[in-house]
Amino acid sequence: MQDLINDIAAAMAKAEQRGKVADYIPELGHVDPQQFAISLATVDGNVYSAGCATTPFSIQSISKVFTLTIALGQMGDSLWSKVGREPSGDPFNSIVQLEHESGKPRNPFINAGAIAVVDAIMMGHEPKETLGEILSFVRYVADDDCICFDPAVAASEMAHRDRNASLAHFMKAFGHLRHDVDKVLGTYFHQCAIAMSCEQLAHAGLFLASDGINKPSDMRVVAPQRARRINSLMMMCGHYDASGEFAFRVGLPGKSGVGGGILAIAPGHGSIAVWSPGLDSYGNSLLGTQALEMFVQRTGWSVFGH
Ligand code: GLN
């Protein structure tokens with residue numbers, strides 16, 4: 001397996017087209033687009049990495065998988081009264097569908113949906129307490145207490161929040177947010193500004209590959225049915241209006257972030273994190289997707305078969 005991981009990193013090192021680094025969050029615009037990393041954590045306890053797999057990067061929307069898991073733990077199925085579970089077919093930051101559906105976001109992985117999820121988790125608490133809970137959860141599933149927020153990225157998003165603020169105000173106008181908009185946004189931006197390496201992220205996703213069990217500790221994080229449902233949402237909605245393309249090319253539940261990371265889950269096999277900061281026009285990592293495509297072609301681990 002290490003040979004395959006090395007082959008993928010070598011192929012990506014040769015790529016000429018690397019995509020475009022997100023610069024609508026100015027702090028992310030400084031990241032070197034030449035970097036590439038891949039890490040596979042298997043359900044039987046092995047880790048295979050190549051490239052800069054211990055370099056932390058901004059996980060951005062990959063954090064939405066963790067906040068969804070926390071929200072389902074707190075509220076169970078009542079979460080679905082606040083957010084839908086259908087693919088949106090629109091870009092991650094789109095507002096159009098909110099108007100058609102009375103301010104209820106279509107799924108937890110578009111920005112509007114993730115903002116509604118974090119509002120649900122807050123339950124009357126201050127952002128600091130909610131952020132503490134999010135960080136403890138991520139540290140627990142990654143089995144690594146060093147994971148932190150990057151305050152510069154969070155501040156950069158807050159300073160350029162107009163678009164996300166418009167989503168939040170729109171939802172609030174329909175009664176879908178309970179807390180102060182800036183407090184919800186501050187919490188959301190910090191969750192997106194969690195910095196993790198591919199190795200940490202691959203570990204953190206392992207519970208979704210092993211029926212809800214956190215492998216390092218052998219503790220149950222979620223029931224098997226919940227792990228399956230989170231995986232299905234990742235498959236259908238994890239890459240926004242390119243989720244169909246990702247399913248077609250890779251065929252694994254996956255969640256991307258504009259920091260250039262992708263977390264992909266191969267149920268029963270392992271959790272794969274890839275990172276390359278250059279994005280395609282949908283805001284998904286260009287080389288990250290290619291690397292995962294090569295990975296499933298060689299392993300046959302796509303949930304749809306070889
Ligand atoms: N924090 C980013 C935003 O709100 C997350 C977007 C993403 O990773 N797709 O715009």
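1. The largest pocket. In this predicted model, the largest pocket is lined by Leu72, Asp77, Trp80, Arg85, Gln225, Arg226, Arg229, Ile230, Ser232, Leu233 and Met236. Its volume is about 220 Å³. Helix α10, residues 224-237, gives the most to this lining, with 7 residues.

2. The cavities. The model holds 2 cavities of 30 Å³ or more. In the largest cavity there is about 60 Å³ of space. The residues that line this cavity are Tyr24, Gln60, Ser61, Phe92, Asn111, Glu157, Asn164, Tyr188, Cys192, Tyr240 and Val258. Of this lining, 6 residues are nonpolar, 4 are polar and 1 is charged. Two of the names, Asn164 and Tyr240, belong to the lining of the largest cavity and return in the points below.

3. Tyr240. This residue lies in the loop between α10 and α11, the latter being residues 243-249. Tyr240 has a positive phi near 55 degrees, although it is a residue other than glycine. Its relative accessible area is 5%, and Tyr240 is therefore buried, the limit for that class being under 20%. Tyr240 is also among the residues touched by Asp90.

4. Asp90. The loop between α2 (63-75) and α3 contains Asp90. Not counting residues up to four places away in sequence, Asp90 touches Val96, Gln97, Tyr240 and Asp241. A further pairing gives a sense of scale: Asp90 and Phe248 are 158 residues apart in sequence, and their C-alpha atoms are 18 Å apart in space.

5. Helix α7. This helix comprises the 12 residues 162-173. At 1.5 Å a residue, α7 should span 16 Å, and its end C-alpha atoms are 16 Å apart, which agrees. Which residues of α7 are buried? They are Asn164, Ala165, Leu167, Ala168 and Met171. Seen down the axis of α7, these buried residues fall within an arc of 160 degrees, so they line one face of the helix. In general, an α-helix has 3.6 residues a turn, so residues three or four places apart point the same way. Asp162 and Ala173, on the other side of α7, are exposed.

6. Just after α7, Gly175 takes a positive phi of about 80 degrees.

7. Thr187. Helix α8 is the place of Thr187. With a relative accessibility of 0%, Thr187 counts as buried. Leaving aside its neighbours within four places in sequence, Thr187 is in contact with Val118, Met122, Pro127, Thr130, Leu131 and Ile134.

8. Helix α1. Residues 2-13 form helix α1, which has 12 residues. At 1.5 Å a residue, α1 should span 16 Å; its end C-alpha atoms are 17 Å apart, which agrees. The buried residues of α1 are Leu4, Ile5, Ile8, Ala9 and Met12. These residues cover an arc of only 135 degrees around the axis, which puts them on the same side of α1. They pack against β2 (37-42), β3 (47-51) and α12 (286-299). Asp3 and Ala13 are exposed on the other side of α1.

9. His269. The loop between β10 (261-266) and β11 (270-275) is the place of His269. Is His269 buried, partly exposed or exposed? At 32% relative accessibility, His269 counts as partly exposed. His269 and Val43 are 226 residues apart in sequence, while their C-alpha atoms are 5.7 Å apart in space. Not counting residues up to four places away in sequence, His269 touches Ala41, Thr42, Val43, Ala209 and Trp301.

10. Asp143. The loop between α5 (127-142) and β5 (148-149) holds Asp143. Although Asp143 is not a glycine, it has a positive phi of about 55 degrees. Its relative accessible area is 53%, so Asp143 is exposed, the limit for that class being over 50%.

Note on methods: Residues are numbered from 1 along each chain as its sequence is written. This is a predicted model: local features need pLDDT of at least 70, side-chain atom pairs count only at pLDDT 80 or more; totals for chains, interfaces and linings use all residues. Side-chain values use heavy atoms; hydrogens and water are left out. Helices (H or I, at least four residues) and strands (E, at least two) are DSSP runs, numbered from the N terminus. The expected span of a helix is 1.5 Å times one less than its number of residues. Buried means under 20% relative accessible area, exposed over 50%, partly exposed in between (1.4 Å probe, protein chains only). The arc is that of the directions from the helix axis to the C-beta atoms. On a 1 Å grid over the protein atoms alone, a cavity is a set of points where a 1.4 Å probe fits but cannot get out, and a pocket is an open set with protein on both sides within 12 Å along at least five of seven lines; lining residues have an atom within 4 Å of a point. Grid points are joined across faces, edges and corners, and a volume is the space filled by probe spheres set on the points. Ala, Val, Leu, Ile, Met, Phe, Trp, Tyr, Cys and Pro count as nonpolar, Asp, Glu, Lys and Arg as charged, and the others, Gly among them, as polar. Contact means heavy atoms within 4.5 Å.
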